Amino acid sequence: MLVSLDLTGRPTLVVGGDAAAAAKARLLDESGSHVTVVTDAPDADVRAMATAGRVILAERSVQPCDVVGRAMVIVAVEDTETAERVVGWARAVHVTVNAVDRPALSDVAIPAMVRRGPIEVGIASGGAAPALARMIRSRIESILPDRIGEVAQFAARFRAAVKATVPAGRARRRLWDRVFQGDIAERILAGDESAAAERMIALINRPAEAVPAADARGVVHLVGAGPGDPELLTLKAQRLLQAADVIFYDSLVDARVLDLARRDATRVPVGKRKGAPGIGQAAIHGLMVEAATDGQRVVRLKGGDPFVFGRGGEEAAALEAAGIDVAVVPGITAALGCAASAGIPLTHRDHASAVTLLTGQAHDDEDVDPATLTAGDHTLVVYMGRSRAGALARRLMTAGVPTGLPVAIIENGTRPDQTVWTGTIATLPDLAANTGDGPALIVLGEVVRLTPAWTARTSAPSSPRIALPSHTRT
């Protein structure tokens, strides 16, 4: 059981002078207590804290009188006999004691802490695995917004007003749910506290049940899901998935990304694949407007980046025209994620000083003339171009591109079943015909020679298909 102890302004003691002692002294200092460190061998970190006035350093051996009057004593020494002796002194005068890495000698366990202003998260293992608790702490730190403490402080400023105007019970709970799970918290996290305060005042002045539907509208987040690997999502994308009421997702979004969403969120597939029936773009706009108008928190989850061949600009314009607030969360576009996973540097001092991203599917099914993009040391990356690979190769060669220009097709990039096919522009049509039906990206340029798949191909030219794992996972 975790219990929070208020040490503000109270005297505490740390016995020891190594890195563990410094970490505990820093924790106590951050709690607001007056910290004394007693050790005859302080390390540089402990000395630095003493020089900065954060702790009082006594360079000597610990004495029984040191523990008297302390709110807490932490013993961080390697010597078991010394640890047992100090613990005995503390218990004799009824002072709470913690012996680092010695749960049997400790009255309390000090959890690994995550702090964001007044928000504190403690992770304890009961002394069984402190290193595991620290690892979990780092994971929580990575997903907890930096400004979540500001959200708590914002709420504290309005608590009295809410208590005075909104009845206790369900109505008050609903109001705070709207604050923390809606656009007010989002505005604070974005650094716009003045706008958040205006919305909060309006919310307090009218009971939650009486707020007009126009004011209860949600916000739509256009979120980039990256090329596939869920570990490539941004922290903000993960947070929004956890908060979303409804998620409209493309067919190219990996199922593992959807697994990060809240369990009770409504998931609506709106993807379109070439040659298969799908919902029209206007219908997608309508669904998002309807959900946001109902006050739902909406995530439009798009493969790659919403603004790179993702029609995110069209969707943002449609939502804004309907009076819906829109926020865009960028994702790793396929050109960057897949090329990196395949070991292809898109630029290289010896091979390419520029990159052009091209879609194989024009806006109105018009063909695209890429001939002007092939001059000089250039890398060309083609999205959604597998079905037109033959036409692309012919156009480039007609424009004077050497038939031996290296090309790669990356299928299911960044995913466990990623496959990299390499060849030349002359063999590109055959390569495209031999790939599977997973999402594919075509890379053309001298940089392709740098991928391990090219090396494997040149040593075994009869087998252009090279399966590569996605980036190393921890």
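In this predicted model, F309 is partly exposed, with a relative accessible area of 36%, a value that falls between the 20% under which a residue counts as buried and the 50% over which it counts as exposed. The residue is located in the loop that runs between β11 (298-302) and α12 (312-321). Together with V355, L357 and M384, F309 makes up a nonpolar patch on the surface, and the accessible area of these residues taken together is about 300 Å².

Aromatic pairing was examined next, and the count comes to three aromatic pairs. One of them is formed by F154 and F158, whose rings are tilted, with 4.9 Å from centre to centre and 40° between the planes. Both F154 and F158 belong to helix α5 (residues 148-165), where they are four residues apart, or about one turn of the helix. F154 is buried, its relative accessible area being 0%, and F158 is likewise buried, with a relative accessible area of 13%. Another aromatic pair, that of F309 and Y383, is edge-to-face, with 4.8 Å from centre to centre and 65° between the planes. Because F309 lies in the loop between β11 and α12 whereas Y383 lies in strand β14 (residues 378-383), this pair ties together parts that are 74 residues apart in sequence.

Attention then turned to the annotated positions. In the unreviewed UniProt entry, the annotation "active site" covers D250 and K272. These positions span 23 residues in sequence, yet no two of their C-alpha atoms are more than 7.1 Å apart, so they gather at one spot.

Of the annotated residues, D250 is placed in the loop between β9 (246-249) and α10 (255-258), and at 16% relative accessibility it counts as buried. When neighbours within four places in sequence are left aside, the residues in contact with D250 are V270, G271, R300, L301, K302 and G303. K272, by comparison, is found in the loop between β10 (266-269) and α11 (281-293), and with a relative accessible area of 38% K272 is partly exposed. Again leaving aside neighbours within four places in sequence, K272 is in contact with S251, I279, Q281, I284 and R311.

How values were computed:
Residues are numbered from 1 along each chain as its sequence is written. This is a predicted model: local features need pLDDT of at least 70, side-chain atom pairs count only at pLDDT 80 or more; totals for chains, interfaces and linings use all residues. Side-chain values use heavy atoms; hydrogens and water are left out. Patches are made of residues with over 30% relative accessible area and no salt bridge: like charges are joined within 9 Å, nonpolar side chains (Val, Leu, Ile, Met, Phe, Trp, Tyr) within 5 Å. Accessible areas come from the Shrake-Rupley method with a 1.4 Å probe; for residues, only the protein chains shown count as cover. A salt bridge is a side-chain nitrogen of Lys or Arg within 4 Å of a carboxyl oxygen of Asp or Glu. Helices (H or I, at least four residues) and strands (E, at least two) are DSSP runs, numbered from the N terminus. UniProt positions are given in the numbering used here, feature names are shortened, and annotations may be inferred rather than shown by experiment. Buried means under 20% relative accessible area, exposed over 50%, partly exposed in between (1.4 Å probe, protein chains only). Contact means heavy atoms within 4.5 Å. Rings of Phe, Tyr and Trp (its six-membered ring) pair if their centres lie within 6.5 Å; planes under 30 degrees apart count as stacked, over 60 as edge-to-face and the rest as tilted.
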